[in-house]
Amino acid sequence: MGACFSCESRRNMVAKKCESPFEYSKVDVLHKICDRKFLNGSSDSPVVAKKCSTPFEYSKEDKLHRNRNRRFLNGSSEIASLFSLKGDKGVNQDAMIVWENFGSRADTTFCGVFDGHGRYGHLVAKRVRNFLPMKLSEHWEDSMKSGSNSEIFHSVKETFLDAFKVMDEELRIDPYFDCVCSGSTAVALVKQGQDLIIGYIGDSRAVLGKRDANDACIPVQLTVDLKPDLPAEKKRIRKCKGRILSLRDEPGVARVWLPHVNTPGLTMARVFGDFCLKDFGVISVPEITHRRITDEDEFVVLATDGVWAVLSNEDVVNIVGTCPTRSYAARAVVDAAVIEWRDMHPTSKVDDCAVVCLFLKSDESTNSTAPETYEATNYPYPYKLNRSGTTTTGSGASEEG
């Protein structure tokens, strides 16, 4: 789903006289970035992201990508399944990650999904995917060294707040791309032992699948879609002079606009980036929740709104809960979402989708040698949902969900 919209007519961009062709006034950059063509993915902008120019930046990225416990491509491990698919809107702006042995702790795993939007949304999402976990780990180490003995939720909560704040501040001053009207959602989950701690902003979502007394898989939503029309979010935004309005052809979609300009039309109340709205009520402070894992809890699904726009929580947990192979669980959800997009919105472009499935119980049948990437021909279980409460596999078998 689109996150930004501009009613501004195209404006001419006048560069300041300066030493570098990359330097422009803030006002001119804002006008250019919030141009409708700019937001729709035009690649002809003169504002070009610079390449990393220091050995430190190269070594930092290289070290990150060499970490074997960190997965961010389509694939699976013994405890997780990941899959992302580019939609029909251009470059894939979704990113995802599973990091096992997180913080050098054998009982700790980090998972996250990130949905970018705006001209540089794909870069913002990847930057957050790469560096937010590192900042969480660093801040966590600092809190441990300080001798704090508080329970895990309170210590990790402070860690999340600090890490999200630093991440957003670094995006604000990043010299390689502009986040004035570009940003990203985030759902970041830390599993340590039997504890789940989730920090999130935007409208990506985390849903837990658990078994009830009848052995049916039921959903428990762990996050709230932080939309501008939620009472607390609306109050803060309006207090800061931001406007919340829906377009005539989108009567149910609340968007945030600048006080006197019909731009950028952001569909979320909390995001990384989007600094043109940060003085008008949009924030990057995460909501943080905690859950103690029970015997009935089986898995957690993190997904971007390309999935939740067309699939319900029940749909998703039924797909994962009935998937014959854990390795393909994330892809099964994405495949079902694409089918639903084409059925429900035949005239709309399919959105990007990213899914992470984290399994909370061991499974001896899990293929620990699953490949890092999937070929379409290797995936034998495409799912199609009907609305009678069942999930149908490609073989025609029907399993009650």
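Q: What is the strand order in the open sheet of three strands, and how do the strands pair?
A: The order is β11-β12-β13, and the pairing is antiparallel. The model is predicted: local features need pLDDT of at least 70 and side-chain atom pairs pLDDT 80 or more, while totals for chains, interfaces and linings use all residues. Residues are numbered from 1 along each chain as its sequence is written, and side-chain values use heavy atoms, without hydrogens or water.

Q: What makes β11 and β13 edge strands?
A: Each pairs on one side only. β11 covers 243–245 and β13 covers 264–266. From one strand to the next, the twist averages 35°.

Q: How do you know that β12 and β13 pair?
A: Two strands pair if DSSP finds at least two bridges between them. Two bridges join β12 (residues 255–257) to β13, so the pair meets that cut-off. The two strands run antiparallel. W257 has P264 of β13 as its bridge partner.

Q: Which strands make up the open sheet of six strands?
A: In order, they are β2-β3-β17-β16-β9-β10, with antiparallel pairing. Strands here are DSSP runs of E, at least two residues long, and helices are runs of H or I, at least four, both numbered from the N terminus.

Q: How many bridges join β3 to β17?
A: Six bridges link β3 (residues 80–85) to β17 (residues 353–359), and the two run antiparallel. A80 has L358 of β17 as its bridge partner. F83 stands opposite V355 in β17.

Q: How do you know that β16 pairs with β17 and with β9?
A: Count the bridges. Five join β16 to β17, and six join β9 to β16 (residues 297–303). Both counts pass the pairing cut-off, so both pairs qualify. Each pair runs antiparallel. F299 has F359 as its partner in β17, while G209 has F299 as its partner in β16.

Q: What joins β9 to β10?
A: Five bridges do, and the strands run antiparallel. β10 spans residues 217–221. V207 has Q221 as its bridge partner in β10. The hairpin has five residues between its strands, and D215 takes a positive phi near 65° there.

Q: Why is β9 called mostly covered?
A: Buried means under 20% relative accessible area (exposed is over 50%, partly exposed lies in between; 1.4 Å probe, protein chains only). Six of the seven residues of β9 (205–211) are buried.

Q: What makes both faces of β17 covered?
A: In a regular strand, side chains alternate between the two faces of the sheet. On one side of β17, C353, V355, C357 and F359 are buried, and on the other, A354, V356 and L358. That is seven of seven residues.

Q: Which strands does α8 touch where it packs on the six-stranded sheet?
A: Contact means heavy atoms within 4.5 Å. α8 touches β9, β10, β16 and β17. Its direction makes about 130° with that of β10.

Q: Is α8 mostly covered or mostly exposed?
A: Mostly covered: eight of its 10 residues are buried. They are N313, D315, V316, V317, N318, I319, V320 and T322.

Q: Why are α8 and α9 called oblique to each other?
A: Their axes cross at roughly 140° and come within 9 Å. Axes are lines fitted to C-alpha atoms, for helices over the stretch in contact, and angles run from 0 to 180 degrees between N-to-C directions. Angles under 35 degrees count as roughly parallel, over 145 as roughly antiparallel, 65 to 115 as roughly perpendicular and the rest as oblique. The crossing falls in the rest, so α8 (residues 313–322) and α9 (residues 329–344) are oblique. V316, I319 and V320 of α8 make the contact with A329, A332, V333 and A336 of α9.

Q: How much of the protein chain counts as buried?
A: Of its 401 residues, 54% do. The chain has nine helices and 20 strands. It exposes about 18800 Å², with carbon and sulfur atoms supplying 50%; such areas come from the Shrake-Rupley method with a 1.4 Å probe, and for residues only the protein chains shown count as cover.
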